[in-house]
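Me: I would like to go through this structure by question and answer. Can we start with its cavities and then turn to a sheet?

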Amino acid sequence: MRINGDRLWDMLMDMAKIGPGIAGGNNRQTLTDADAEGRSLFKTWCDKAGMTVGVDRMGTMFATRAGTDPNALPVYVGSHLDTQPTGGKYDGVLGVLAALEVVRTMNDLGIKTKHPIVVTNWANEEGARFAPAMLASGVFAGMHTLDYAYGRKDPEGKTYGDELKRIGWLGDEEVGARKMHAYFEYHIEQGPILEAENKTIGVVTHCQGLWWLEFTLTGKEAHTGSTPMAMRVNAGLAMSRIVEMVQSVAMENQPGAVAGVGQAFFSPNSRNVLPGKVVFTVDLRTPDKEKLDRMRAKIETEGKKIAEALGVGCSVEAIGHFEPVTFDPKLVTSVRNAAEKLGYSHMNIISGAGHDACWAAKVAPATMVMCPCVGGLSHNEAEEISKEWAAAGADVLFHAVVETAEIVA
């Protein structure tokens, strides 16, 4: 029993036409018009597969295939359709559409299961427009309040709640009211390990913990040409020294720790004006909780010292966090057994990126399946996978999900 790889690939390519990027990828950021269009296409496919689609008050979509036992809790399978501003065609999208392909294949084969199956499109997984990442699944798991989520603002000052209403995808379901028997998520690795090891399937055992620390540095705007070096209060210089410090902290905590800066805003952002304000975010991750918290404390402390030495004001706000996650051993074994039964090469792997499965694991048994991506590249329009990789991981997902949902003869 295997999924239809061509049909899955066609869905991926059709979804990629919505919110195209400028270099072959996608810009389908959450709660944009492109996001609304992608949601509508997904709903159309779910309707044709005979599923019932519900939407909660965070905008997360749940497409249900009924089980034979009305009292049995559903098996949830999903990921996200939103992308980075310069995102690829597969990050998140593969997991949602592979889950739908699992249902389509079950329909083709006439498979019935005791437990319902719910294909899920979590809202705002990326956090690119509204921080923090995995916002909707975080509210679902009780990590954030609904009011907190609705009040999150994008760089233009628009709020999550207002934009959710504007695009027409504000549902009426209470967030988190649904109960899960289990949760599966299929994703590209977003790293180079599987390809380097020549493995087709990643059996995900853990997910790294994360802190996002937003630094706000306050200097003094001044002319770059006429202000003597010794008389500057340079927030940009403070940022550069903090970034170097972050690199050192990550290297001091090897193996298994990463940290860096991927976003910064200078004000007034003029080429001949020293910045009066710099805002940037440090992203640090490791699967070791003690190490994660130790790194956070050192980066905050040393960052403030660096700024103080330059006469620059410094404040730090934690705008994103989740603890390291150990996925459910029984579900992990189910994924591994499926890979072995199907003859796919596989290995245990720790997810370097955060996923909705991290929050789902707070409320139900959860695990993930991964496939390789070329060069380990992701969050980039050049992100690429092969049709064969996509199908192999979906095959494993199919067998693990159907086993967990319990086939009815």
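**Cavities and a sheet**

The second largest cavity holds about 30 Å³. A cavity is a set of points on a 1 Å grid over the protein atoms alone where a 1.4 Å probe fits but cannot get out. Points are joined across faces, edges and corners, and the volume is the space filled by probe spheres set on them. This is a predicted model: local features need pLDDT of at least 70, side-chain atom pairs count only at pLDDT 80 or more, and totals for chains, interfaces and linings use all residues. Residues are numbered from 1 along each chain as its sequence is written, and side-chain values use heavy atoms, with hydrogens and water left out.

Me: How many charged residues line the second largest cavity?
Reply: Lining residues have an atom within 4 Å of a point. Here they include Asp 91, Glu 126 and His 379. Asp, Glu, Lys and Arg count as charged; Ala, Val, Leu, Ile, Met, Phe, Trp, Tyr, Cys and Pro as nonpolar; the others, Gly among them, as polar. The lining has no nonpolar residues, five polar ones, and the charged ones number two.

Me: What is the volume of the largest cavity?
Reply: The structure holds two cavities of 30 Å³ or more. The space in the largest one is about 70 Å³.

Me: Which strand gives the most residues to the lining of the largest cavity?
Reply: Strands are DSSP runs (E, at least two residues) and helices are too (H or I, at least four), numbered from the N terminus. Strands S8 (209-218) and S13 (313-322) each give two or more residues to this lining. With three residues, the top giver is S13.

Me: Which residue in S13 is the bridge partner of Leu 213?
Reply: S8 and S13 run antiparallel and are joined by nine bridges. In S13, the partner of Leu 213 is Ala 318.

Terms used
1 Å grid on protein atoms, 1.4 Å probe; cavity = no way out; pocket = protein on both sides within 12 Å on 5 of 7 lines; lining within 4 Å. Pairing = 2+ DSSP bridges.
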